[in-house]
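Please read the points below alongside the sequence and the coordinates.

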Amino acid sequence: MKTILEIKNLSKNYLTKKQSICAVENINFKINENEFIVLVGPSGCGKSTILSIIGGLEKKSSGEISFENKNIKVGYMFQEDTLFSWLNVLENCLLGLKIQKSLNKKNIKYVKYLLKKYGLSKFEKNYPKELSGGMRQRVALIRTLAIKPDILLLDEPFSALDYQTRINVSNDVYNIIKEENKTAIMVTHDIAEAISMGDKVIVLSNTPAKIKNIYDINLKNKNIPSENRKDENFNFYYNLIWKDLEQNDK
């Protein structure tokens with residue numbers, strides 16, 4: 001498999017008036033093309049900081065972030081769907097293209113194709129308040145896909161949803177990412193979510209975030225996330241990761 005991103009000795013320090021606080025320390029991992037990587041760890045441990053540094057939203061203090069080529073596009077999906085209430089579904093999905101000044105007939109056609117493919121074409125003229133939480137997340141993902149990113153960064157994208165909706169939307173998002181052949185890095189504190197979606201799970205420690213373990217998730221019958229939770233190997237990985245995180249509290 002082709003490696004498209006490599007993180008070497010990544011660290012992040014925040015300076016206050018009184019001291020320097022280390023949030024992320026000596027992080028190392030690789031990401032292969034079309035892989036779905038999940039970072040899991042305690043709340044506030046530095047997971048989102050790592051994602052923000054990869055996405056260019058924050059600067060690293062030290063280390064290297066090496067992309068396979070300099071023209072790789074990175075798309076970011078936040079915890080909230082961040083749809084604009086005064087824009088309809090289609091307008092929201094076209095926003096990134098508009099900002100990049102690449103709004104043309106070909107790209108508009110591509111966005112409409114995505115909306116149709118994932119069951120949202122009938123809602124092009126609807127506004128966010130008229131959509132369910134799950135539909136809003138699909139719109140947010142399609143807006144991210146509209147710029148044709150090579151790597152998707154997902155920062156706890158289901159945290160604002162109730163449990164049942166969260167399961168359903170994780171299926172939708174997983175299917176879309178896999179069908180569009182995208183590489184993804186997702187942050188979550190939910191162990192079950194990590195195992196059911198990830199090809200690889202990276203377990204982080206308490207702050208400062210260090211890598212405790214990296215697990216290749218090998219399920220018997222890889223399927224959509226809701227079905228993966230029923231896989232006979234699911235509990236094996238769950239217990240391993242649970243023990244890693246439990247040790248963080250000691």
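Predicted model: local features only at pLDDT ≥ 70, side-chain atom pairs only at ≥ 80, totals over all residues.

1. Residues are numbered from 1 along each chain as its sequence is written, and side-chain values use heavy atoms, with hydrogens and water left out.

2. Helix 3 (residues 105–117) has 13 residues and reaches 18 Å from its first C-alpha to its last, close to the 18 Å expected at 1.5 Å a residue; helices here are DSSP runs of H or I with at least four residues, numbered from the N terminus. Gly119, with a positive phi near 70°, follows helix 3.

3. In helix 3, Asn107, Tyr110, Val111, Leu114 and Leu115 are buried (under 20% relative accessible area, with exposed over 50% and partly exposed in between, for a 1.4 Å probe and protein chains only). Seen down the axis, the buried residues of helix 3 fall within an arc of 140°, so they line one face of the helix, the arc being that of the directions from the helix axis to the C-beta atoms. The face turned away from that buried side carries the exposed residues Lys105, Lys106, Lys109 and Lys116.

4. The structure holds 6 aromatic pairs (ring centres within 6.5 Å, using the six-membered ring of Trp; planes under 30 degrees apart are stacked, over 60 edge-to-face, the rest tilted). One of them, Phe234 and Tyr238, is tilted, at 6.1 Å centre to centre and 35° between the planes. Phe234 is buried at 6% relative accessible area, whereas Tyr238 is partly exposed at 28%.

Technical notes: Helix = DSSP H or I, 4+ residues; strand = E, 2+ residues; numbered from the N terminus. Expected span 1.5 Å × (residues − 1).
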